[in-house]
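Okay, thanks everyone for coming.

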Amino acid sequence: MTARFFFSAAAAVIVAGASSKLWEVPTGHFTSSSNQTENVPLERCQNQWTEDGVKVTADIPPKLDGTWVSTRCEVRPGPEFLTRSYTFHSNRHFQALQHYYTESSCEDPAYSLMIRGKIRLLQASWITRGASEAEHHLSRVGIVVHSMAAKQRLASRLPPACVSLSLNEAVPGKLHELYNTRAGRACLAAMGFSVTEMGLVRVETQHHSHGGKVQELFLGDIHTDWAQRTQHRPSGYQQPLQNAMHHIHPCPVCALVYRSSEQRPPVLPRGPAVPLSLTGHWVSLRCETRPNVLFLTRDFTFNPSQHAWEGIYRHYLDSACSQPTFTLRAWGHYAQGNPSSKLSGATEFVFKVTQVRVTAIDKSTAKLLNSTRPGKCGRAGDWSVGVEQDLTATNGCPMLGIKLPHKEYELFKMELDHRKRPLLFTGERPTDGSSPDRPLRRPTSFQAPMVLCNGGETHPSFSTFNSRQLQLASGTAGLEKLVLLVFGSALCSWLVVY
């Protein structure tokens with residue numbers, strides 16, 4: 001899922017003239033410095049994945065002090081494979097270690113970056129609710145290459161001037177300075193280096209009934225287009241880092257990353273190969289935040305015997321998923337392809353959506369849909385709050401950007417969590433809102449994982465497929481491209497939804 005966000009003229013004025021109180025959060029939901037909610041209910045199976053009595057708080061402004069580490073080998077668009085260890089001090093100084101690898105299991109270190117600087121929290125975000133905006137200033141960036149082969153691969157990506165300037169002097173195992181405040185060097189952008197992720201910050205604390213806690217640090221998303229990375233202003237999140245002192249147990253990766261240094265990158269243990277099996281009912285593990293102000297939960301059911309799937313996307317105004325706006329249900333079919341040549345353990349798919357139904361949850365959305373021309377977007381004039389409309393008969397809804405059927409090229413991967421339970425990773429949506437409707441646009445990184453609710457359960461909605469629909473979508477399947485204009489309490493936005 002992703003989104004593209006455009007301010008209307010009125011919304012731009014509202015944001016520009018936001019409250020003079022820097023930490024006054026835009027909605028009533030976050031009126032105190034700490035917002036507290038029960039774990040988001042994700043249908044009947046959520047209790048399988050969370051402990052009873054767990055509460056989640058998010059302080060505004062966030063408390064960053066401490067060391068925050070990766071919990072798995074992370075995949076960034078490109079693809080890039082890395083682990084991160086970020087330490088923040090009370091005097092606003094930070095030290096960030098980024099370890100890059102040649103493959104998706106993070107067993108073969110290529111090079112490590114040592115980054116020093118300062119971070120300053122600015123204000124509560126009026127775009128990504130529940131987050132805080134920040135600015136950073138770099139003082140030093142150093143690199144340690146871990147082999148001559150890694151040095152040569154890195155040099156092949158850089159302009160000749162950068163190679164002679166930055167890498168010729170680098171010796172494997174020794175720190176070589178790429179940037180400092182006294183003698184700036186212009187090759188960081190050519191490496192794709194950026195810490196714009198620090199422009200958006202959120203810290204969540206899970207309070208468990210037995211008295212323990214887990215803390216997670218959410219930093220801004222990385223643009224899926226390499227050329228846009230260094231200028232990207234994040235409005236969604238990456239997968240969170242966990243506090244080294246307050247993390248989920250057991251977490252062997254946490255300990256390895258915490259003890260690492262630029263000269264000693266962590267070499268992660270190889271996990272068991274997990275065969276891809278989509279059978280069953282998969283749900284979001286938490287309220288998910290996507291770029292450009294999109295908060296949602298996902299609920300997927302796959303039926304391999306028919307190569308059919310159903311997706312339910314519940315959209316909200318806030319990062320706690322407590323203020324619903326609309327619900328979208330989509331059906332289609334899928335075809336499994338070859339193992340990915342770019343991401344070990346991942347599998348290529350082709351998806352096609354053939355039916356979409358939308359339910360407006362608020363009056364503004366219903367009013368908008370009622371303004372469409374007859375025959376263009378469901379039953380014009382018949383939209384009302386809480387009543388589902390089928391858009392299949394009108395081949396979608398041009399005003400909302402829905403076109404049926406719609407094909408996309410996908411990437412799936414399965415892993416096991418710390419308790420050996422299956423997780424399903426689906427392809428990350430393009431940051432700019434475009435569609436992966438061609439093989440060359442297939443994702444190279446992943447969204448937040450979904451969890452298996454009941455491996456043997458088939459969603460009852462599959463019984464609604466008739467022979468005509470099966471014939472129409474035979475052999476392919478899909479994730480759809482949708483646009484919905486949602487009126488929030490303070491601003492109006494275009495959402496391109498996947």
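So, which residues form one aromatic cluster here? They are F300, F302, W309, Y313, Y334, F349, F351 and F412. Keep in mind that this is a predicted model. Across the structure we have 15 aromatic pairs, and I'll walk you through two of them.

Let's start with F300 and Y313. Their rings sit edge-to-face, with 5.7 Å centre to centre and 85° between the planes. Now look at where they come from: F300 is in strand 15, residues 294-303, and Y313 is in strand 16, residues 308-316, so this pair ties together parts that are 13 residues apart in sequence. And are these two buried or exposed? F300 has 3% relative accessibility, so we call it buried. Y313 comes out at 0%, so that one counts as buried too.

On to the second pair, W309 and F351. The ring centres are 5.9 Å apart and the planes are at 80°, so this is edge-to-face as well. W309 belongs to strand 16, while F351 belongs to strand 18, residues 347-360, so here the pair ties together parts that are 42 residues apart in sequence. W309 is buried, with a relative accessible area of 0%, and F351 is buried at 1%.

One last thing, on a ring with a charge over it. What lies over the face of W226? That's R229, at 4.6 Å from the ring centre.

Terms used:
Residues numbered from 1 in each chain as written. Predicted model: local features only at pLDDT ≥ 70, side-chain atom pairs only at ≥ 80, totals over all residues. Heavy atoms only, no water. Phe/Tyr/Trp six-rings, centres within 6.5 Å; stacked < 30°, edge-to-face > 60°. Helix = DSSP H or I, 4+ residues; strand = E, 2+ residues; numbered from the N terminus. Buried < 20%, exposed > 50% of the residue type's maximum accessible area, 1.4 Å probe, protein only. Lys NZ or Arg CZ within 6 Å of the ring centre and 35° of its normal.
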